[in-house]
Amino acid sequence: SVACAEEAAAPVPDIAVTTNVGITSDYRFRGVSQNNQAPSFQGGVDVAFNKLGLYVGTWGSNVNRWTAGDGSMEWDLYGGYKTEVSGVTVDIGAIAYVYPGSGDWHANTQEAYLGLGYGPVSFKVSGVLGKGYFAATDEASGHSASGTMYYNLTIAQEVAPKLTLSAHAGYTSASSGLDKAS
C-alpha cells in the first residue's frame, strides 16, 4: 500500500482583511460600459469575520460623467452573511452603489441579494430597495425602480493554477417605474 500525505489546511483566521487593486481597459457592469470604453482604476478592502460568517467591504472605481452626472467615482459599500449548508454556499447581503457628486443624476442604487453556489456554479438574485437605479429613473417625477430584479448565473472552473475559465449570464427584470422612466 502507498501512504499519501495530505497537506494540512492552513488555519482560518478569526478576522481576515483582504485588498484588491486593478486597472481595466473598460469597466463594464451588467453589460454596460461605465467609463465610455476608457481605462478605469479600481480598488477595495474586505473584512471577513470568519467564525460569524459576516463580512463587510468597500470598493471604488472611476467612472464616466454619463454614469455619475457631475461625479466621477463609483463607491460601493456592502455587507452580508455567508455560510455553507449541505455543500451549498449561501450568501445574503446588501450593497449600496454610491456616486458622490452625482447631484440630480439620481445614480445611487441600493440592493439586497441572495446568492447560492454549488461547485463551479453560482446563482445570485439582487433586488432594488430604493427608488433609484443607476440614473435610469427620474425620481423627481415620482418614478421608482424599487422591485427591479437582476439575475446572475455564473460557471467558473480553475483550469490551471491562478487561471479560471468562467461563463456568465445576467438578466434585468425592470419594475414598472423603471419602464416609465425610459
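Me: Looking at this predicted model, is aspartate 14 buried, partly exposed or exposed?
Reply: In this predicted model, aspartate 14 is partly exposed, with a relative accessible area of 45%.

Me: And what does aspartate 14 form a salt bridge with?
Reply: Aspartate 14 forms a salt bridge with lysine 51, and the closest N and O atoms of the pair are 3.5 Å apart. The two residues come from distant parts of the chain, since aspartate 14 sits in the segment before β1 (15–24) while lysine 51 sits in the loop between β4 (40–49) and β5, 37 residues apart. Lysine 51 is exposed, with a relative accessible area of 70%.

Me: How many salt bridges does the count come to?
Reply: The count comes to 3 salt bridges. One of them joins arginine 28 to aspartate 26, with the closest N and O atoms 3.0 Å apart, and arginine 28 is partly exposed at a relative accessible area of 46%. Another joins arginine 30 to glutamate 111, with the closest N and O atoms 2.9 Å apart.

Me: Which parts of the chain does that arginine 30 and glutamate 111 pair tie together?
Reply: Arginine 30 lies in the loop between β2 (28–29) and β3, and glutamate 111 lies in strand β8 (residues 109–118), so the pair ties together parts that are 81 residues apart in sequence.

Me: What is phenylalanine 134 in contact with, leaving aside neighbours within four places in sequence?
Reply: Apart from those neighbours, phenylalanine 134 is in contact with Phe29, Arg30, Tyr97, Tyr99, Ala107, Thr109 and Glu111, a list that includes both members of the salt bridge between arginine 30 and glutamate 111.

Me: Which residues touch the most other members of the largest nonpolar core?
Reply: That core has 16 residues, and Tyr97, Tyr99 and Phe134 touch the most other members. Strands β5 (54–62) and β7 (88–98) each supply at least two residues of this core.

Me: Changing topic, where is serine 33, and is its side chain buried or exposed?
Reply: Serine 33 is found in strand β3 (residues 32–33), and at 11% relative accessibility serine 33 counts as buried. A polar atom of the serine 33 side chain lies 3.1 Å from the backbone nitrogen of asparagine 36, and a polar atom of that side chain lies 2.9 Å from the backbone nitrogen of glutamine 37. Leaving aside neighbours within four places in sequence, serine 33 is in contact with Asp26, Tyr27, Arg28, Trp66 and Thr67.

Me: What about serine 102, where is that found?
Reply: Serine 102 is found in the loop between β7 and β8 and is buried, with a relative accessible area of 6%. A polar atom of the serine 102 side chain lies 3.0 Å from the backbone oxygen of tyrosine 99. With neighbours within four places in sequence left aside, the contacts of serine 102 are Ala68, Gly69, Asp70, Gly71, Ala107 and Asn108.

Me: Which residues make the nonpolar surface patch?
Reply: The patch, of about 930 Å², is made by Ile15, Val17, Val45, Phe49, Leu52, Leu54, Val56, Tyr81, Ile92, Leu114 and Leu116. The elements that give two or more residues to the patch are β1, β4, β5 and β8. As for tyrosine 81, this residue is found in strand β6 (residues 73–85) and counts as partly exposed at 36% relative accessibility.

Terms used:
Residues are numbered from 1 along each chain as its sequence is written. This is a predicted model: local features need pLDDT of at least 70, side-chain atom pairs count only at pLDDT 80 or more; totals for chains, interfaces and linings use all residues. Side-chain values use heavy atoms; hydrogens and water are left out. Helices (H or I, at least four residues) and strands (E, at least two) are DSSP runs, numbered from the N terminus. Buried means under 20% relative accessible area, exposed over 50%, partly exposed in between (1.4 Å probe, protein chains only). A polar contact is a pair of N or O atoms within 3.5 Å; within protein, one must be able to donate a hydrogen and the other to accept it, and residues adjacent in sequence count only if both atoms are side-chain atoms. Contact means heavy atoms within 4.5 Å. A nonpolar core is a set of buried Ala, Val, Leu, Ile, Met, Phe, Trp, Tyr and Cys residues joined through side-chain atoms within 4.5 Å. A salt bridge is a side-chain nitrogen of Lys or Arg within 4 Å of a carboxyl oxygen of Asp or Glu. Patches are made of residues with over 30% relative accessible area and no salt bridge: like charges are joined within 9 Å, nonpolar side chains (Val, Leu, Ile, Met, Phe, Trp, Tyr) within 5 Å. Accessible areas come from the Shrake-Rupley method with a 1.4 Å probe; for residues, only the protein chains shown count as cover.
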